[in-house]
Amino acid sequence: MSGINYDLTKIRGFAFDVDGVLSPSVIPMSPDGEPLRMANIKDGYALQLAAKLGYKLAIITGGNTIAVKNRYEALGFTDIFQKASHKIEIFKKWMEDNGLRNEEVVYFGDDIPDLKCMRAAGLPCAPRDAAWEARETAVYVSRFDGGYGCVRDVVEQVMKAKGEWLSDAHAFGW
């Protein structure tokens, strides 16, 4: 039984911010000033399974690092948009390019730059530690913080609602 008040069987696509959603809100800095990011392994497992099952996946972030590109391409993402200063235009074009209607998409954001995308998605989600504006906009606020399993929480609930979670051989490997 899902804790999300939405018809999860409609979902065909997921779009994510990175900092504060796929990684914690606190970012260590390398000695040369490059922001470093952590990635949650359980989030990664759910995302690679979603990619194998044919869900449309997108990263829409204001950041720009090769590590983000490499990590999420390895999980099966083909749509990774970095240096996104106005995310809504990218989000709408991504939906159009993938034949997705608003009600078929989760947008997972945590702060002010994500609000327009959250409002345009059928199922806006936020981590527990998101900015209050994002939590107020979300249909579902995860019980997990950003970077600590909030993405797995939502992706798993969608797949369970559709009978896809651990349903075939794809589930038992990377």
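A residue is called buried when its relative accessible area is under 20%, exposed when that area is over 50%, and partly exposed in between, as computed with a 1.4 Å probe on protein chains only. By this criterion Phe91 and Trp94 are both buried.

The model is predicted, so local features need pLDDT of at least 70 and side-chain atom pairs count only at pLDDT 80 or more, whereas totals for chains, interfaces and linings use all residues. Residues are numbered from 1 along each chain as its sequence is written, and side-chain values use heavy atoms, with hydrogens and water left out.

The structure contains 8 aromatic pairs. Rings of Phe, Tyr and Trp (its six-membered ring) pair if their centres lie within 6.5 Å; planes under 30 degrees apart count as stacked, over 60 as edge-to-face and the rest as tilted. Phe14 and Tyr55 form a tilted pair, with 5.5 Å between centres and 50 degrees between planes. This pair joins distant parts of the chain, 41 residues apart: Phe14 belongs to strand β1 (residues 13–16), and Tyr55 to the loop between α1 (41–52) and β2 (56–60). Here helices (H or I, at least four residues) and strands (E, at least two) are DSSP runs numbered from the N terminus. Phe14 is buried, at 0% relative accessible area, and Tyr55 is buried at 7%.

Phe91 and Trp94 have ring centres 6.2 Å apart and planes at 20 degrees, and therefore count as stacked. Because they are 3 residues apart in helix α3 (residues 87–97), about one helical turn separates Phe91 from Trp94.

Ring pairs also connect Phe14, Phe16, Tyr55, Tyr72, Phe77 and Phe108 into a cluster.
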